[in-house]
Amino acid sequence: MHDLRRQALESGKTVSRKARSKQPSPASSRPNSAPPSRAASRSRAVSRAGSDEDEAGNLSDETSFSTNSIDELLNGDASDPITDAWRADLADRIQELLDRKRSSVQGREMCLATYVRILTAQYAEEDIRGKEAELVVSFLKSIKAESSERETILAMKALAMTVVTSPSDLIYETVCGPLKRIISDSSSVPSKAAAVHCLGTCTFFGGASDDEILDNMAYLLEIVASDGSFIDAQDEAHPVVAALEEWGSLSTLIDDLANESEEAAEYFVEQLSSSDPGVQIAAGENIALLYEKSYRALTEDDGATEFGEGDIISDPDDIPGVPKLVKNYDVYRRTDVLKGTLSDLASLNTRRLSKKEQKAIRTNFADILDSVEFPTHGPRYQNAISQETGKRYGSRMTVRIHKEGVMKIDKWWKLHRLQALRRVLQSGFVKHYEANPIVFESLPYVSTSGPGDIVANGSAES
């Protein structure tokens, strides 16, 4: 398993999608794509912006790969009660999963659901140690067979929970092909979306190389660029949202996106006019991440280099030790046009969406616009001056880990990783953050919250 902190600082290079596009390709090219998803039916999509009806009746920790919005991160994080006998129960379920000879679809569904529920609520690395390979084989049998939609999605969730609990450099190579076949060939849209999320998780934690990470980012971008038609899911928002989210998560592992940014930004900007709020927000968050990653710390070696006006950014509070940042490359050629689009979304007022959806769009795109204009500003950035410190509040989003300690989400890459972990771990996020070293290494930053910070698992402090 690559050290995640090292991966976040090292870059990988592969042939760009633009270069590969000159080679013969399947019928996924833009000229043959169906019209964009601007007219997609929102009723078929699970919006990250949420809906007026609670989705809890249809989704659970066992089957869900989604977090509806940033605001959902501010909800409670209590897991379902697990009895003290969970170890024995888990051992029984593992044995049942490995012995499939006389199992039924319903029985496997119940077994997988229990397995996922326990691994979500408990850090069970010791309990599955040495059994990972056999479990992955069992999960793949359920995934390939597609005996039922529920069993297929549960098996993918079980696979994702297994690789997060006990990462292995061998898992990615084993599961990549079967997962991509589900994404391309399954007749179930929810299964396609779940497979996209599972592929992202296995790529992140399952031993993929930098080149493989970039290849999968290109694969996900094809889904976005074709509005789902690349995987036979034309105008289905759910797989497109999944592809956008996993692209953003994987991109945090690549330091230099200079070769990928321009093309990716073009497709993300196109999705800002989608009829689905979830697609719009996921695309916008990726745009903010691209602008954030386009700047790097100014070094002494840059002293003799001439930079354009506005290419160097200083810390607004002149905090000692905080380096100046310099623009490394342009993300999007028509930034002025992009700012206009983001400004319109930040002040959106339409009867087409619910009040909750409109609020989510306005809140998110106010943050995204701010970051495009000022790439050092992270989510929920506030310019107001604190009376206690005399400095700007800055990014006010934090996640409570203990009663005293909180993790400050002051960068878009941190938000993307937080959301990726929450998609997999659901209500077990805090438990795994405390006990699972691989989860902690993904976001190894804990600090103390200040007055007025937005705190996950609680209300805003004052």
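The mean pLDDT of the protein is 80, and 72% of the residues reach at least 70. Residues 1–59 have a pLDDT below 50, although the model places 131 contacts between this stretch and residues beyond its near neighbours in sequence. Where pLDDT is low, predicted coordinates should not be read in detail.

His377 lies in the loop that runs between helix 15 (355–373) and strand 4 (381–385). Its relative accessibility is 7%, and because burial is assigned under 20%, His377 counts as buried. Outside the four places on either side in sequence, His377 is in contact with Asp370, Ser371, Asn383 and Trp412. With Asp370 there is a polar contact between the two side chains, at 2.9 Å. The C-alpha atoms of His377 and Glu292 are 8.2 Å apart, with a separation of 85 residues in sequence.

The largest cavity holds about 100 Å³ of space. It is lined by 13 residues, of which Phe204, Phe205, Ser249, Ala420 and Leu421 are the closest to its centre. Helix 9 (189–205), helix 11 (237–251) and helix 16 (412–425) each give two or more residues to this lining, and helix 16 gives the most, with 5 residues. By class, the lining of the largest cavity comprises 6 nonpolar, 4 polar and 3 charged residues.

Note on methods
Residues are numbered from 1 along each chain as its sequence is written. Side-chain values use heavy atoms; hydrogens and water are left out. pLDDT is the predictor's confidence in each residue, from 0 to 100. Contact means heavy atoms within 4.5 Å. Helices (H or I, at least four residues) and strands (E, at least two) are DSSP runs, numbered from the N terminus. Buried means under 20% relative accessible area, exposed over 50%, partly exposed in between (1.4 Å probe, protein chains only). A polar contact is a pair of N or O atoms within 3.5 Å; within protein, one must be able to donate a hydrogen and the other to accept it, and residues adjacent in sequence count only if both atoms are side-chain atoms. On a 1 Å grid over the protein atoms alone, a cavity is a set of points where a 1.4 Å probe fits but cannot get out, and a pocket is an open set with protein on both sides within 12 Å along at least five of seven lines; lining residues have an atom within 4 Å of a point. Grid points are joined across faces, edges and corners, and a volume is the space filled by probe spheres set on the points. Ala, Val, Leu, Ile, Met, Phe, Trp, Tyr, Cys and Pro count as nonpolar, Asp, Glu, Lys and Arg as charged, and the others, Gly among them, as polar.
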